[in-house]
Amino acid sequence: MEMVEKRTLPQENDQLDDQFERIGTEGLSGEDIGEKSLTYWADVWRRFRSNKLAIFGLVLLILVVLLLFVGPMVSGQNYQKIESGMKNQLPSKEHWFGTDDMGRDLFTRVCVGGRVSIYIGLCCTLVMFVIGSLLGALAGLKGGLVDDLIMRFCEFLGNLPYLIVVVILSVVLGRSTFSLIFAMSLTAWVGTTRMVRGQILQLKEQDYVQAARALGASTGRIILKHLLPNTMGIIMVDITMAVPGFIFSEAFLSYIGLGVRPPETSWGALASSGQMQLMFYPHQLFFPCVMIVLTILSFHLIGDGLSDALDPKLRK
Amino acid sequence: MDEKILEVRNLSVSFHTYAGTSHAVRGVDFYLNKGETLAIVGESGCGKTVTSKAIMGLLPMEQTEIGGSEGAEILFNGEDLLKKSENEMTAIRGSKISMIFQDPMTSLNPTMRIGEQIAESILIHNEISKADALKKALEMLEMVKIPNAAQRLKQYPFEFSGGMRQRAMIAVALACRPEILIADEPTTALDVTIQAQIMDLIGELQKELNMAVILVTHDLGVVASVADRIQVMYAGKIVERGSVDEIFYQSTHPYTRALLSSVPKIHTNNKETLYSLKGTPPDLIHPPTGCAFAPRCEYGMRICRNKYPETVKFSETQECSCWLHHPKADHSGLPENMVRGNR
Amino acid sequence: MAEKQTLIEVRDLKKYFKVGKKQILKAVDGVNFKIYKGETLGLVGESGCGKTTCGKTVMGLYPATGGQVFFDGVDIHGLNKKEKKEFTRRAQIIFQDPYSSLNPRMTVADIIGEGIDIHGLYKGEERKEKILELLDLVGLNKEHSLRFPHEFSGGQRQRIGIARALAIEPEFIVCDEPISALDVSIQAQVVNLLIELQEKKNLTYLFIAHDLSMVKHISDRVGVMYLGNMVEFATSDVLYDRPLHPYTKALMSSIPIPDPKEEKQKRRIPLEGEIPSPINPKPGCRFAARCKYATEACTHETPGLREVEPEHFVACHRVEEIGE
């Protein structure tokens, strides 16, 4: 029995004796856990905040939206006012983005058109979210025949040629913002339904759901307290990613002439008319396109940030 | 004196995580002799798996820091593995040092036939034809006692049961006759009867191939029958090491004692209160300055919470880091045989 | 022994799962046992033997394919909605995985309080007090009540799960592998707690685990399952000292003993091969294919549980011939 190293004991032995007093686990409960607790969403926000790109996306989106609403007031122009002497002007002090082929102020038109684009995007997403999560939750929970019916219906809708549906609908319902929203969201919820159903199928096998059943919880309680709160995260990401998709589809439909009807306008309609002047006045296409790109980029950055922040693997 | 095949000196491993830097292994020294079985025992998060992955060079480089201020060394036959390039490590991994993992389900490629997976590990390290490699793969499957080996060679992992998969994993690991086998919880995912089969198999193959084995486990029962030496890890440090008999019959660290006595013996009376430790292991993002076990130790002294104890050597093999072996410590009420020799 | 009151009686319980078109997985296939008030019945077996399915069917979490489960004389699979809710007040379950058994979005107080809310036992201040009392009972403190599950370690989470089960003051608790996911030093904490609570509250446990030494430690009587059948059933001492079924013998002898000297002396009965699939099992004794004593008869006729000695049941045609 030898010491590996000679101990270097301090001279004051009395002090040392005190150090060797047995205190056991005194003053410690042994049940201490980490610092202050963060709620789930606070934790998500913390991780989202530390993602520079996502925050850039959020700031960008806020700036774009601010511009759309404040812009026309600052510029003092009317988006419908036609000035025949001011056709196809280049950007100037008076007309910041120049004017279009009818002499209307392009900046104001981009702002007003953007409101329509974003409005359509948000409406479609809302419809998609409500129908998708309700049907998805129903299919996942009930299973059996209900599940089969919903899923077959989804397959049917999912396999319809999208463009033809939109063309037919705009013929039947006439060209209006409403018919556009209706046509676009008619099939869009299929993906959300599938995703929510998959989530619910997985979650309902979790032990905590079984535990709630063992405690005598009703189906409604299980959905509200256990299933929905745990799918919210993924639905949020899906929603964020869906908005730019709708904005893009709207732009595309307006571009091929199926979108909003003049004198109303949208980014897609602006791009469409700008394209005709592309050879001589490229700025008429450039400005609406830049706005579309910035908006879609900001939504994608936010969506990416959210999905990272929600990823359970990245939680500590 | 036995010949040392592996020597680990002052190994520290830290991971950069979201919440901060986690000091998973905090200065570990040990050696492995040729042909012996060294067991690393400890609870989850004590750093035993990280230590073995560091030896294999399998830690994710981007988030990991190995070494620390004083410089770590992992000497394999005198060469420092930490200084090897990734290519050099690939040549050593699987041929000189092999590893088998806890979960045989995820460590085999599900889209490759078993035979090809074994042959692949042979082909990486040897210049032989594929046909020869497959022939060797067949020998390996026979060596790990898989019945109908020729048929099994052509099957996919999902057609194997858990125990069979672990055998196949062992065949892959041993295909190049390594000098060291690191077995990380090889039987934890298996049932007791299969567990016994696999441990027997590892023991037999060890003798046949004269390998050294590092057995990483939390199960003291498994260790008792196969290990030559044991080292007990707690919160990233080795708190005690010794031969099997020394650890089981004269352990000198209160944590080792606690581990041993919290397992019910078949002969103890029913429903007798088991010895149980209070609390949980410390958070390694903020490791304690003193002995990490002090907050859970019923014999803890004031000094334990402030200063890490020095290592005391009791025999050629047994060492322990605990203030209780200090002459000034209060020895009353300690378990029998824990503190030896009066000074 | 004093008169024992039967709390649970399981009669010829069967639980089959359909897998694929014509394949039937017979997870539990004709199991009989009784659980007396205040005792712990252990259920052991290797993975796939049906012990967890058995526990969940006894709890009514799975509908039974056949047979009955009597709780205090009433078959729990024939209950209406109201009676079923009443049953959930008297019987509870603790799960294996402390990570998936707690809802990550709920605070500890809400998790523990869920049963209280569902059954409307306490409200407001009283509810809060009750939750703190439960936390204290399982060794946690009141600061923990507003925390979320991910902030706790495995052992602490398992104790939260126990507190949740205890909140509605059940008489019977199914413990489904409550310690297999925990570290050795934490296992002892949880087992001690379970034993202490049993004594305090006169609880009845069905303790399911594959860790044979823990089952022996906590149980009064133990049943051994193999491929959906109960092969042996006895008081825990008898079962561990004198197992009679060839499978139990092999199982007992492969328990690793944390003692090098005993481990060296131990004579292990090796068991060849692995558990066959429970999908469309062959008729006859399920163990026959791996049993070295199996005869022609064993592959045709399924042996039933027979009382070979008082309180010691074995399902084997050849117990007497094999001897100890």
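Guide: Residues 114-303 of chain A are 84% helix and 0% strand, with end C-alpha atoms 20 Å apart; helices (H or I, at least four residues) and strands (E, at least two) are DSSP runs, numbered from the N terminus. The model is predicted: local features need pLDDT of at least 70, side-chain atom pairs count only at pLDDT 80 or more, and totals for chains, interfaces and linings use all residues. Residues are numbered from 1 along each chain as its sequence is written, while chains are lettered from A and ligands numbered from 1 in the order in which they are written.

An unreviewed UniProt entry places the feature "domain: ABC transmembrane type-1" at residues 114-303 of chain A; UniProt positions follow the numbering used here, feature names are shortened, and annotations may be inferred rather than shown by experiment. The annotation "transmembrane region", also from an unreviewed UniProt entry, covers residues 53-74, 116-141, 153-172, 234-258 and 285-306 of chain A. Residues 234-258 of chain A are 88% helix and 0% strand, and their end C-alpha atoms are 32 Å apart. Residues 53-74 of chain A are 100% helix and 0% strand, with end C-alpha atoms 30 Å apart.

Turning to the other chains, the contact between chain C and chain B takes 35 residues from chain C and 35 residues from chain B, where two residues are in contact if their C-beta atoms, placed from the backbone, lie within 7 Å. On the chain C side, α6(C) gives the most, with eight residues.
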